Amino acid sequence: MPPKEESSKVTRRSTRSSASVTVENSEPIESHTPTIDDLTFGEESITIDAVLSNFPGRRSQIFDFIRLMGPLDCPTLPIMIYGGASTGKTSVVLQVLRHLNRPFVYSSCRTCYNPRILFESILNQLLLHRKCSLNGYSSAKRCDKPSDFVNLLREALSSVIKTLESTSGTSRSDKPDEKPMGKMVYLILDNVDLIRDWDKGTIILQFLFSLYTVLKMPQLGIILISGLPPDVYYSNMGYTDPIPLYFPEYSEEDLRQIFLRNQPNRKLYSAFLDVVLKPFCRVTRRVEELSTTFSLLFRKFCEPLDDLGISPNEDMKRRLYSHLKPLIAHCLNEIFRVSSHPHDGETRGERRQKASYSSENREELEILDFHMSTSAKFLLLSAFLASRNPATLDASTFDSTGGMDNRKRKRKASEKSMEKKEIAEQEAVMKGPGSFPLERLLAIFQCIASVGDSSFGEEDEEEENTTGYDKENNNLMSDILLQVSSLCDANFLIKSGSCPLEGSIRYRSMVSEDLAQKVAKSLSFPLSKYLYRR
């Protein structure tokens, strides 16, 4: 493409950095008049081999997505792409659409953080409207209500479809081998799981899921991208359920292929990955986190080398590993640690330096080093109590008196009973925390969360659903179950198999008593009052 054409063409897709698309000029040119070509990437379509090489480990998902979209102008049901963070969901979708040269509208619920901004973003793209100083950076249409959005969306889609039909028989470029655009428009909604945190987010989700059924326009394809599975959203409201497509976490071999791409010396970098990839994969498999850490470690790995183009032998690999080894444990801890907000203007390094002086600042050690919601903290404590306390004592422990009253149990212990107690404590330590079913965890959570709400005082009454548990309405129970899953992902809880008699999954708390005490102190919760001591 000549340089003149590159400068005159404006690409709308510069807002998506992970789309693997190089955009030379990200500033909008106000004199440019948007055309129907702006609904595509505005660049040459790429081959399927290029898409596959850009995303190692996603061959199956790429072909499944192409199959679900179908041939040109083929109506398709809504599709939901879901999976964990940094699994290539959005990038694969955008690159496949670039390969197929299909017109699409992309809006992320992370930047479009309320319904009005989301609705207007979609309409602006369909109406080929770009905010600039000439129009006062205003939207083409103001839209606040879902009912208004349906009418405006139908009008905008009808106009775009007519334009596509009129240009379908003519060539839009000088290149005869360019793929046709077709007569369909795809609506891509990214990060739809964030809508659950919006005001009236449940209603907006139900509206978006029923949009395909309400519009009844086969020329519209809807693609939803979510970090949560489809079961979280389904509520049997009568709308057409989207077709799910799961993006699993990258395997260790997939990550190796990803990091080996575009490396000038693949043998040297492969030797580096032999050292760092396996231990870091046990902590995280998010590509952006690993990429940031690996870039620093690789520079340290190459410090003893004068020539970066060398192919290392076994002896050199051992020397390079010994040079890098002292940093690996430190970087593993840095990746695992979740930073908290600074207190009183202090930086994280200053707080850590103060915490190191335990004799002078004892209380600083008791501050949590990570951020966690109130309901997740209560779930963490509930799991800790369920693993440490016998299930037979739940009724007496969580009674109306608010836990066990240790004062009633004070008796002069004999030497023999003390010896039995020590043996029992040693056996408990060797045995480790016990397992418990989900029903017991939720029952304990309900009890201690209600105690925690009442202990916060009147100043916390302004916050709605402090613990995430509504005593009058159980609609938020799905949020609690999601947080249980999050605690499992963070290794605070582990699944210890299913009980053959109960037929349900059992969990086990992996939290130490010191950490549980810190969490309880942050909630002003009397954990020792509920903890059974043998």
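Does Ser 121 count as buried or exposed, and at what relative accessibility? I looked this up first.

**Entry: ground rules.** I am working with a predicted model, where local features need pLDDT of at least 70, side-chain atom pairs count only at pLDDT 80 or more, and totals for chains, interfaces and linings use all residues. Residues are numbered from 1 along each chain as its sequence is written, and side-chain values use heavy atoms, with hydrogens and water left out.

**Entry: Ser 121.** I found Ser 121 at 17% relative accessibility, so it counts as buried. Buried means under 20% relative accessible area, exposed over 50%, and partly exposed in between, with a 1.4 Å probe and protein chains only. Ser 121 sits in helix α5. Helices (H or I, at least four residues) and strands (E, at least two) are DSSP runs, numbered from the N terminus. I then listed its contacts, meaning heavy atoms within 4.5 Å. Neighbours within four places in sequence aside, Ser 121 touches Ser 107 and Cys 112.

**Entry: the cores.** I looked up the largest nonpolar core and found 44 residues. Such a core is a set of buried Ala, Val, Leu, Ile, Met, Phe, Trp, Tyr and Cys residues joined through side-chain atoms within 4.5 Å. Ile 122, Leu 126, Phe 149, Leu 153 and Leu 211 have the most contacts inside it. Elements that each supply at least two residues include β1 (79–83), α5 (115–126), α6 (146–167) and β4 (220–226). Helix α6 gives the most, with 9 residues. I checked Leu 153 next. Leaving aside neighbours within four places in sequence, Leu 153 is in contact with Ile 122, Leu 123, Leu 126, Leu 211 and Leu 215. I also noted a second, separate core of 35 residues, with Phe 378, Tyr 507, Leu 523 and Leu 531 among them.

**Entry: α9 and α11.** I turned to helix α9 (residues 252–260) and helix α11 (residues 287–301). They pack at an angle of about 55°, with axes 12 Å apart. Axes are lines fitted to C-alpha atoms, for helices over the stretch in contact, and angles run from 0 to 180 degrees between N-to-C directions. From α9, Leu 255, Ile 258 and Phe 259 meet Val 287, Leu 290, Ser 291 and Phe 294 of α11.

**Entry: around α9.** I found Asp 254 and Arg 256 among the buried residues of α9. The buried residues of α9 pack against α10 (266–281) and α11. Just after α9, Asn 262 takes a positive phi of about 60°.
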